[in-house]
Amino acid sequence: MQIKTTSLGLAQENLELPLAYLMPPRPSRPELKVELESFREFGQPTRSLATQFQGPHGDKTVPTFVNEFWTARQCAAHSLHEVSYRACFKPQLPRFFIERLTQPEDIVYDPFMGRGTTLLEASLLGRVPFGCDINPLSAVLTQGRLRPPFLTDVATRLQEIDFGSSKEFPEELLTFYHPETLRQIVALKEYLVGRRESRNCDPVDD
Ligand SMILES: C[S@@+](CC[C@H](N)C(=O)[O-])C[C@H]1O[C@@H](n2cnc3c(N)ncnc32)[C@H](O)[C@@H]1O
């Protein structure tokens with residue numbers, strides 16, 4: 001906050017906050033290239049190579065670093081990740097780059113978010129998750145895990161749903177479900193569709 005003095009000698013507050021206040025200085029990290037070259041977390045040194053390719057303006061070379069950067073601890077991720085999706089990342093992969101290329105409160109955007117591995121890791125690391133995907137299932141899988149409800153709230157909600165009032169009964173699914181289970185699943189589906197249509201979905205529904 002700046003204090004100015006008026007022509008009458010009175011102190012006048014300028015309420016516009018300087019940018020330095022809004023964006024505190026970021027802790028410095030070594031350049032990504034330097035960090036990759038010196039990485040030895042799992043015992044092996046990094047191999048530094050040069051990959052050549054033909055670009056529109058002739059031959060190019062990009063530095064390439066080979067090591068075990070994230071696979072060794074892939075079982076140690078947060079249990080919230082445990083949703084199956086085709087070709088999903090191991091959480092350590094986005095974590096590796098989020099930790100090195102962003103700071104807390106930065107936006108992390110994944111335009112092909114799938115089950116939301118990158119968004120969830122970004123959120124767990126205090127970043128702001130942004131994402132999209134052409135598959136509507138992706139948002140369904142991701143949204144609920146970004147705002148996980150308490151188990152007691154889920155139990156209360158389940159008691160509020162009328163499981164005896166389902167309108168449809170898809171008999172072809174009796175191969176997979178006991179009739180009573182099928183009735184409950186359909187009632188739950190009808191409840192959720194109703195909530196979505198009336199735009200009433202909350203984190204418990206998600
Ligand atoms: C390999 S998956 C990504 C998995 C994600 N990294 C994860 O960990 O769950 C690729 C995703 O890209 C989405 N996708 C493919 N083409 C797309 C497009 N043109 N626009 C948006 N999303 C697209 C697919 O629906 C799929 O979810």
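Q: What kind of model is it, and how are residues numbered?
A: It's a predicted model, where local features need pLDDT of at least 70, side-chain atom pairs count only at pLDDT 80 or more, and totals for chains, interfaces and linings use all residues. Residues are numbered from 1 along each chain as its sequence is written.

Q: How many helices and strands does the chain have?
A: There are 7 helices and 6 strands. Helices (H or I, at least four residues) and strands (E, at least two) are DSSP runs, numbered from the N terminus.

Q: And in what order do the elements run?
A: From the N terminus on, you go through β-β-α-α-β-β-α-β-α-β-α-α-α.

Q: What percentage of the chain is buried?
A: Of its 206 residues, 10% are buried. A residue is buried if 20 or more other C-beta atoms lie within 10 Å of its own, exposed if 12 or fewer, and partly exposed in between, with C-beta atoms placed from the backbone.

Q: OK, α4 next. Why is it called largely enclosed?
A: Because 6 of the 8 residues of α4 are buried, the rest of the structure largely encloses it. The buried ones are Thr117, Thr118, Leu119, Leu120, Glu121 and Ala122.

Q: What covers those buried residues of α4?
A: The cover includes α3, β5 (107-110), β6 (128-131) and α5 (136-146).

Q: How do α3 and α4 pack? What's the angle?
A: α3 (residues 92-101) and α4 (residues 117-124) pack at about 45 degrees, with their axes 9 Å apart. Axes are lines fitted to C-alpha atoms, for helices over the stretch in contact, and angles run from 0 to 180 degrees between N-to-C directions. That makes α3 and α4 oblique to each other; angles under 35 degrees count as roughly parallel, over 145 as roughly antiparallel, 65 to 115 as roughly perpendicular and the rest as oblique.

Q: Which residues meet there?
A: Pro94, Arg95 and Ile98 in α3 meet Thr117, Thr118, Glu121 and Ala122 in α4. The residues of that contact of α3 with α4 split into 3 nonpolar, 2 polar and 2 charged. Contact here is C-beta atoms, placed from the backbone, within 7 Å. For the classes, Ala, Val, Leu, Ile, Met, Phe, Trp, Tyr, Cys and Pro count as nonpolar, Asp, Glu, Lys and Arg as charged, and the others, Gly among them, as polar.

Q: And α4 with α5, what angle do they make?
A: About 15 degrees, with the axes of α4 and α5 10 Å apart, so α4 and α5 are roughly parallel to each other. In α4, Leu119, Leu120 and Ser123 meet Thr142, Arg145 and Leu146 of α5. The residues of the α4 and α5 contact come out as 3 nonpolar, 2 polar and 1 charged.

Q: What comes just after α4?
A: Gly126, which takes a positive phi of about 80 degrees.

Q: Switching topic: which residues are around the ligand?
A: Tyr85, Ala87, Cys88, Phe89, Phe112, Gly114, Arg115, Thr117, Asp133, Ile134, Asn135 and Ser138. Near means a C-beta atom, placed from the backbone, within 6 Å of the molecule. The shell divides into 6 nonpolar, 4 polar and 2 charged residues.

Q: Last one, where is Arg195?
A: Arg195 sits in α7 (residues 179-197). With 15 C-beta neighbours inside 10 Å, Arg195 counts as partly exposed.

Q: What does Arg195 touch?
A: Leaving out residues up to four places away in sequence, Arg195 touches Asn200, Cys201 and Asp205.

Notes:
Two residues are in contact if their C-beta atoms, placed from the backbone, lie within 7 Å.
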